[in-house]
Every structure is written in structure tokens, then in C-alpha cells.
Amino acid sequence: MKADIVVENISSLVTLEGDNKPRTGNEMGNVGLIEDGIIAISDDKIIYVGKGKLPQDIQIDNETKIINGEGKTVTPGLIDPHTHLVHGGSRENELDMKLKGMKYLDILEAGGGILSTVRSTKEASFDDLYNKAKNSLDKMLELGMTTVEAKSGYGLDTETEMKQLRVAKKLNEDHPIDVVSTFMGAHAIPKEYKDNVDGFIDIIINDMLPKVSKENLAEFCDVFCEEGVFSVDQTRKILNEAKKYGMKPKIHADEIEPLGGAELAAEVEAVSADHLVAASEKGMEMMADKGVIADLLPGTCLNLKIGKMAKARKMIELGIPVALSTDYNPGSSPTENIQLIMYLAGLKMNMTPEEVITAVTINAACSVDRQKEIGSLEEGKKADIAIFNAPNIAYIMYHFGINHIDKVIKNGKIVVEEGKVKKSQII
Ligand code: NIG
Ligand code: FE
């Protein structure tokens, strides 16, 4: 077979080779590292991964693009399984309140926070939302991300929720990054339903879910299960309805208060439970038992000044597969930078560089149910590849606050060169 692209002499080729299942415990530390690695691509697929030279049956000719991987680390394209990509406006006005000690849930209770972004998102046109989210996707691509999950939840009415999801769908078609959509109509309680939460849940169940499903706009359904937002019973009800439409459950669980979100995630067999800063020991054990992925979001803890992080070490010990995300959104985590999140996961949650890479590749792929196509560098998988100007993965996390990407290959095409999106990719 003829190779279109070959990356050779790779100092650290991090393959994540193994089965297409979420990695737990010690497996999270085994990243299938090959020193002096080589990888060959034909069309949009990986056709060879190994050490040293290519085998005889893989041909190269003068059309083959040869990339020198000396001094570089090559990993699967990074995957972010939890973002609120599509939204209007920004919330830098909350910084001052936060610095004066006002809490996240109090800002929300006062009609700010998520509800302020709901107002901006309702006002924004399809094109406004598209252009803003596209800009973020470009940044994400330059940081090595090739697949990103995107939630709705800044509409809280059927029309605006669908507008957000349609933007995500169009970006999935237009942009090199694959965008995986999640319906999150239950992200906050609109002011007018403050005293009638069940009325709002009726709209989610009887209007939003059927319409979102009919237009095939979401693969997952997520709920913000939190004190003063949606209770465990309300979350259960919404997710069980969503399942009837084939939407797979995710939960914003135990982010601030220990409400029992982790336990519920195990009960409804959610694909992931996210945040989990306040998750109970019992809840974590139940998640381990059911194989629910913990999507951890250390950037959010830092930015909300929560003062603690999710217990990643405990989760890994218990056998919970851990993934990591930016939680990119205009309030609790206004950053697209997964490399910064990787740094925080190491320094603030004591995850090793190997565990961190596992968490942003194969485990993140499992969290968006794409593990058969992406998340590891193996023959037959999609050629989604990140090439870092770093000799090893520890270096990426050690030298923090900068973008280490040299190139990104998406679907077998070089889309980022010298850390910048190639002009031909700009839509
Ligand atoms: O994951 N916690 C709820 N949702 C988002 C924040 C959204 C916002 O503040 O706009 C989160 O942190
Ligand atoms: Fe979130």
C-alpha cells in the first residue's frame, strides 16, 4: 500500500494501543510508548505504526509527504468530551463579583451566570453563534484537539436550544474538528419557571426532546444536577426520557454540592459523570462498578475558586476510567486550552503524564462513544494526530502555559503547521 504521509524518527510515539475500552487503574499509565517510532497514513487512515523503518509492503514515492519526528512527541489527536462551545456573549463582568467573594450559584440565583449567557444566546443570530464557535474551534485545533463535544443549554427554550445544536451540526460539517452534540436543555431553570420547575421539565420532555431527536441534532443528553438547579429525581426523569430517543446520558454531577449525582450516573448507566468535585465515596464506588467515565474539569475548579479538585487519584485507585475536559464555556471555564487542563490535572490532581494523555485520548474517545475510530494510533483508525514540539509527554505538562503543537493531522490531512491553522482550512 502507498503512504500519503509518513512521520519518521519520532522521539516519543504515544500510541495508546490496546482494546477500544475505557482504561482504568494501572492501564491508565500504559500508553504504548514507542521510541524512534514511525507512522504511515494513507488517505484518512493510519496504515502502519511501529519502530524504526517501514515494512516492505508500504511504499513511498515522491508524492509522499515525509515529516521528521526527531525531538517530537506524537499522540492521537486530543479529544475534549465536555464543552459548551456554542454560546453568545462573554461574562468578564462576573470577575469583579467573584473577586469580592460572590459564589457561582449565588450569581446564578441572582439572574446572572448561565442565565446571562442565555440572554446573549437568544439575541445572537445563527451566524453570530457560528462565527464565535468557529473561532474557538480554530484555537482548539491549533492546540491539538481533533474532536470536541458541544452542549446546548443556553437557550432554555426549544427554538434557541435547536439554534445552538444546528450551529454545532453545521460546524461539524464545515470545520476540520469533529463536533459531537449533546442536548442540555436542563442546564438552568429559566426565571419564568422559577416556581414551576415541573412545568419547564414538561417542555423539555414533551417539546424539546422530540424535536431535537426528529432533526437528529444530539447524540447525548446532559443535565446540570445541582443544589438549586435540577434535583436527582428531576435529572433521572429527564435522562430516562432522553434514552427513549436513543440519546445517551451524561450528568453534570456533584460539581459543588454532594447531591448524589455520581450515584445517579451509575444507576442510569450514564456514559460519563462530569465534575464530581463533591462526589461521595459510595457514588464513586458505584461508578467504578458500572464503568461510568469520570470527566474531570480542573480548569473549572480553579476558575470558580472552589478551593479543591476532584479526587482523581482516588478514582483511578477505585477503577473509574478518568477523562479530562476544558468545560469551555463563558462562565465557569472560559478557556479552549486543553494543554493547560493537562497541566492542572498533573499539578493539582497528581495525575501522571501517562494518565493525563490517556484521559485526553482513548478515555475521552470513549466518553463521546468514538473509541472504535479515534483515541489511539493503530492501523485502521482515523489519521487524527497531534505532533508536539516536545521530546516526551512529561515535557508538555512541565513547560506550562504555552502551545506545544507543531502540526495537527486531521482525517489524514495536515491542517495545522507550526502551531497555526493552515490557510486552506479556513472556511
Ligand atoms: O460545566 N455547571 C454548569 N454548567 C457549566 C457552566 C456554564 C456557565 O457558567 O455558563 C459548567 O461548569
Ligand atoms: Fe459543563
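The centres of domain 1 and domain 2, taken over C-alpha atoms, lie 29 Å apart in this predicted model. Domain 1 is built from two stretches, 5-76 and 376-425, while domain 2 covers 79-367. Let's take a friendly walk along the place where they touch.

On the domain 1 side, 36 residues are in contact with 31 residues of domain 2. Together the two domains bury about 2800 Å² between them, and carbon and sulfur atoms give 70% of that area. Within domain 1, Met28, Met397 and Lys410 lose the most area to domain 2, together making up 26% of what that side buries.

Polar links also cross the interface. The rule finds nine residue pairs in polar contact there, both residues at pLDDT 80 or more. Which parts of domain 1 each supply at least two residues of the side that touches domain 2? They are one helix and several strands, listed here with their residue ranges.

| Element of domain 1 | Residues |
|---|---|
| Strand E7 | 73-76 |
| Strand E16 | 385-388 |
| Helix H15 | 393-398 |
| Strand E17 | 405-410 |
| Strand E18 | 413-417 |
| Strand E19 | 420-421 |

What kinds of residue make up this side of domain 1? The residues there divide into 20 nonpolar, nine polar and seven charged.

Charged side chains also pair up between the domains: the count is two salt bridges. Elsewhere in your viewer, you can look for Asp178 and Lys382, whose side chains meet in a salt bridge with an N to O distance of 2.8 Å.

Key:
Residues numbered from 1 in each chain as written. Chains lettered and ligands numbered in written order. Heavy atoms only, no water. Domains from an automatic or database assignment. Contact = heavy atoms within 4.5 Å. Buried area = accessible area lost by both parts, 1.4 Å probe. Salt bridge = Lys/Arg side-chain N within 4 Å of Asp/Glu carboxyl O. Polar contact = N/O pair within 3.5 Å; in protein donor to acceptor, adjacent residues only side chain to side chain. Helix = DSSP H or I, 4+ residues; strand = E, 2+ residues; numbered from the N terminus. Nonpolar A, V, L, I, M, F, W, Y, C, P; charged D, E, K, R; others polar.
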